[in-house]
Amino acid sequence: MPKIFEYFGFVFFFYSNEHEPIHVHVKHGECESVFELIMMNGQLEQINVRNKQGYKPLASNDKRIAEAFIKKYSKNIIDKWVRFFVMKQQVRSTNIKTKI
């Protein structure tokens, strides 16, 4: 389960047995939601949010924060996805300490 980002109590990560579409799990406290990144012509077109079975979903405000973070760092998330799942390389977690 590679953790890719930490951001003010939010943890962004992949499960090691993931599948497409490209998506990132976001945990805040005991809550977790999944954010799918829909790309079109190399650009982020939309983000779909779904609940993670067995977990309480992120609160509405937390979803907004996570989505804003994902929009800002989408290219980094996709790069880490490709490096981990396609190229089979390790990825490092980045702790973001600046509010977006």
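A: A residue counts as buried when its relative accessible area is under 20%, and as exposed when that area is over 50%. F13 has a relative accessibility of 3%, so F13 is buried. Please keep in mind that this is a predicted model. Let's take F13 as our way into the sheet and the helix that packs on it.

F13 sits in strand β2, where it stands opposite K3. The two strands involved here are β1, residues 3-7, and β2, residues 10-13, which pair in the antiparallel sense over 4 bridges. F13 also has an aromatic partner: the ring centres of F13 and Y15 are 5.3 Å apart and the ring planes meet at 80°, so this pair is edge-to-face. One aromatic cluster is made up of F5, Y7, F8, F12, F69 and Y73.

Now step back to the sheet. It is open, has 6 strands with mixed pairing, and runs in the order β5-β4-β3-β2-β1-β6. At the edges are β5 (43-51) and β6 (94-96), each pairing on one side only. On average, neighbouring strands are turned by 25° against each other, with direction ignored. Helix α1, residues 60-86, packs on this sheet and touches β1, β2, β3, β4, β5 and β6. The direction of α1 makes about 55° with that of β4.

I70 shows well how the pieces meet: beyond its neighbours within four places in sequence, I70 is in contact with F12, V24, V26, F35, L37, I47 and I77. So which residue in β5 is the bridge partner of F35? F35 is paired with V49.

β4 and β5 pair in the antiparallel sense over 8 bridges, and they form a hairpin with 2 residues between them. N41 lies in the loop between β4 and β5 and has a positive phi of about 55°, although it is not a glycine. With 76% relative accessibility, N41 counts as exposed.

Setting aside residues within four places in sequence, the contacts of S33 include V24, V26, V49, R50, P57 and K63. V24 and V26 are also among the contacts of I70. E36, likewise in β4, has 16% relative accessibility and therefore counts as buried. The side chains of E36 and R50 are joined by a polar contact of 2.9 Å. Apart from residues up to four places away in sequence, E36 touches P21, I22, H23, Q46, I47, N48 and R50.

Finally, follow the chain past the end of α1. K88 has a positive phi of about 60° without being a glycine, and its relative accessible area of 64% makes it exposed. V91 has 12% relative accessibility, so it counts as buried. V91 touches P2, I4, K80, R83 and F84, leaving out residues up to four places away in sequence. The C-alpha atoms of V91 and I4 are 7.0 Å apart, while 87 residues separate the two along the chain.

Key
Residues numbered from 1 in each chain as written. Predicted model: local features only at pLDDT ≥ 70, side-chain atom pairs only at ≥ 80, totals over all residues. Heavy atoms only, no water. Pairing = 2+ DSSP bridges. Axes fitted to C-alpha atoms, helices over the stretch in contact; angles between N-to-C directions. Contact = heavy atoms within 4.5 Å. Buried < 20%, exposed > 50% of the residue type's maximum accessible area, 1.4 Å probe, protein only. Polar contact = N/O pair within 3.5 Å; in protein donor to acceptor, adjacent residues only side chain to side chain. Phe/Tyr/Trp six-rings, centres within 6.5 Å; stacked < 30°, edge-to-face > 60°.
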